[in-house]
Amino acid sequence: LNLLAVKISRLPWAKPGQIRGIENNMSKFTFTSESVTEGHPDKVCDAISDAIVDSLLHEDKDSHIACETLATKNLVVVSGEVRSKGNIDVEKIVRDTLEDIGYTDSNRGMDNKSVDIMIKVQEQSTEIAQGVDQSEDHEQGAGDQGLMFGYACNETAELMPMPIYLAHRLTERLSILRKDGTLPWLGPDGKSQVSVDYVNGIPTSISKVVIATQHDDMIEKFGTEELEHRFVQEEVIEKVIKPIIEKSGLKTSDSFIVNGTGRFVFGGPDADTGLTGRKIIVDTYGGAAPHGGGAFSGKDPSKVDRSAAYMARYIAKNIVAAKLADKCEVQFSYSIGIADPTSFYVKTFGTGIMSDEKLTELARSIFPLKPAGIIDHLNLKYPRYRQTAAYGHFGREEELFTWEQTDMVDKLQLIANERK
C-alpha cells in the first residue's frame, strides 16, 4: 500500500494529500528559518546603506546608487558608486541611523557620537551608465546581469512561509519591547530561529524556538550569571516568544532556548564586524525558496537585483492570492544593458490550476518584465528602502511595500478562466 502511494504521488496529476492517511505517515519534515534584529551588525550596515539610498532618491529620483557599508569596532566605512544630482551628508546619515537603531553607548556595541566614519564613494562607471540609461534610441536596460527569485505560499495570511514569518515577528518584537521600555535591559543585537514541523507540506506545529538577545550587564543586580540568565530567559519567553507563537495557531512543544551560551552582553559591531548584504536569506524567504545572485540593500531600483526580485514576489503573491496555485516560484534573469529578461518562468510545484507553461505565458502577458516597466508599476523611484533593511523585504503589508499588493488578482482570475 505504501509503495502504491509513492507511485501515485509521482503522477503528474497527483496533488498533495490525495491519499492523506498514507501520505501523512510518509511526508513529515521540520524546516527552520532565522531572523536577526535591526541591531545585528550586518543589519546595521543594511540600514545605513538603505538610508543613503533613500536620501539620494529624495534629492534626485533618478539617482543610481550602489552603496556598501562595513561596521566594526569604533569604525563605520561607507563605500560605493553613485551618480546623482543629490547632495547629502553621509556622515550625518550614519550617525542618525545608529542612533535610531539604539547604538548610542559603546557599552552596547557602538556610540554613534564618537564612532569614526570613513567615506569612500566614487562616480558610477560611464560604461555601465551608457547601457542602463534610457534615451531616444535605447530603452532602459538592466543594471547588471543576474538572476532573481520570488515566492509565495498560502501558509500565512501574508502568503509567506511560516518559519521565516514567525522568526521575523520575534526579532521585531524584541526591538519593539526594547524601544518602548517594556524590556529596557535588552540590547540592540539579537537573533531568532524557528523550527516548524510539516505534515504533507502543511505546517502543523512548532518544535523549537531559539532566541539570542543582547542584554545589559545585570550581575550586580542578580548576584550570579545563573540568576541573571534565568531572569532573561523567563522574561523573553513570557513577553517575546509566547505572544508571537500563540498567534500562529500552531501547536508548540514549549521547547525554547534563550541565550544558549548563558550571557550575551558584548554585542553589536564592536563584537562582530557587519557588512551590507550578508543576510540575504533572512531578507527573503528563510531558505524556503532560492535566492538570486545579489543582495538588495544599498541599491537603487535600476539594479534588477532589487527591483526584479520585488516584481518576482509581486507576481508570485498575486498568483497565489488569485488561488491559481497554493505556492508559486518565479525566476527572472537579465543581461546588463538589455531590457528584456533572458529568461522568465513560473513554477507551482504541482499545485496550479493550470500548467506552469500556461501560467508563465499568462504572467508574461500582464506583468511588466522590463526594468523601466517594473520600476514604474511598483513606483520604486521614491524613498522607502530604510524600512526594508530589517525584518524582511516580503510579507509586510505596509503602504510603501508596493510589491506586496494583490491588485492583479481580478485580472489574473479573469484571464485564467478565459484560457482554461
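Author: We begin with a definition: on a 1 Å grid over the protein atoms alone, a cavity is a set of points where a 1.4 Å probe fits but cannot get out, and its lining residues have an atom within 4 Å of a point. Grid points are joined across faces, edges and corners, and a volume is the space filled by probe spheres set on the points. This is a predicted model, in which local features need pLDDT of at least 70 and side-chain atom pairs count only at pLDDT 80 or more, while totals for chains, interfaces and linings use all residues. Residues are numbered from 1 along each chain as its sequence is written, and side-chain values use heavy atoms, with hydrogens and water left out.

Reader: How many cavities of 30 Å³ or more does the structure hold?

Author: Rolling a probe the size of a water molecule over the atoms shows where empty space is left. By this search, the number of cavities of 30 Å³ or more is two.

Reader: Is β7 largely enclosed or open, and how many of its residues are buried?

Author: Buried means under 20% relative accessible area, exposed over 50%, and partly exposed in between (1.4 Å probe, protein chains only). β7 is largely enclosed by the rest of the structure, because its buried residues number seven of the eight.

Reader: Which strands stand at the edges of the sheet that holds β7?

Author: Two strands pair if DSSP finds at least two bridges between them. The open sheet of three strands has antiparallel pairing and the order β7-β13-β14. Each edge strand has a single partner, so one side of it is left without a neighbour in the sheet; the edges are β7 (146–153) and β14 (343–347).

Reader: Which residue of β13 stands opposite Gly 146?

Author: β7 and β13 (residues 327–334) pair in the antiparallel sense over eight bridges. Ala 152 has Cys 328 as its bridge partner in β13. Opposite Gly 146 stands Tyr 334.

Reader: At about what angle to β7 does α10 run?

Author: Axes are lines fitted to C-alpha atoms, for helices over the stretch in contact (heavy atoms within 4.5 Å). Angles run from 0 to 180 degrees between N-to-C directions. Helix α10 (residues 304–321) lies across β7, β13 and β14, and its angle to β7 is about 30°.

Reader: Is Lys 323 buried or exposed?

Author: Lys 323 lies in the loop between α10 and β13. Its phi is positive, about 60°, although it is not a glycine. With a relative accessible area of 67%, Lys 323 is exposed.

Key: Helices (H or I, at least four residues) and strands (E, at least two) are DSSP runs, numbered from the N terminus. On a 1 Å grid over the protein atoms alone, a cavity is a set of points where a 1.4 Å probe fits but cannot get out, and a pocket is an open set with protein on both sides within 12 Å along at least five of seven lines; lining residues have an atom within 4 Å of a point.
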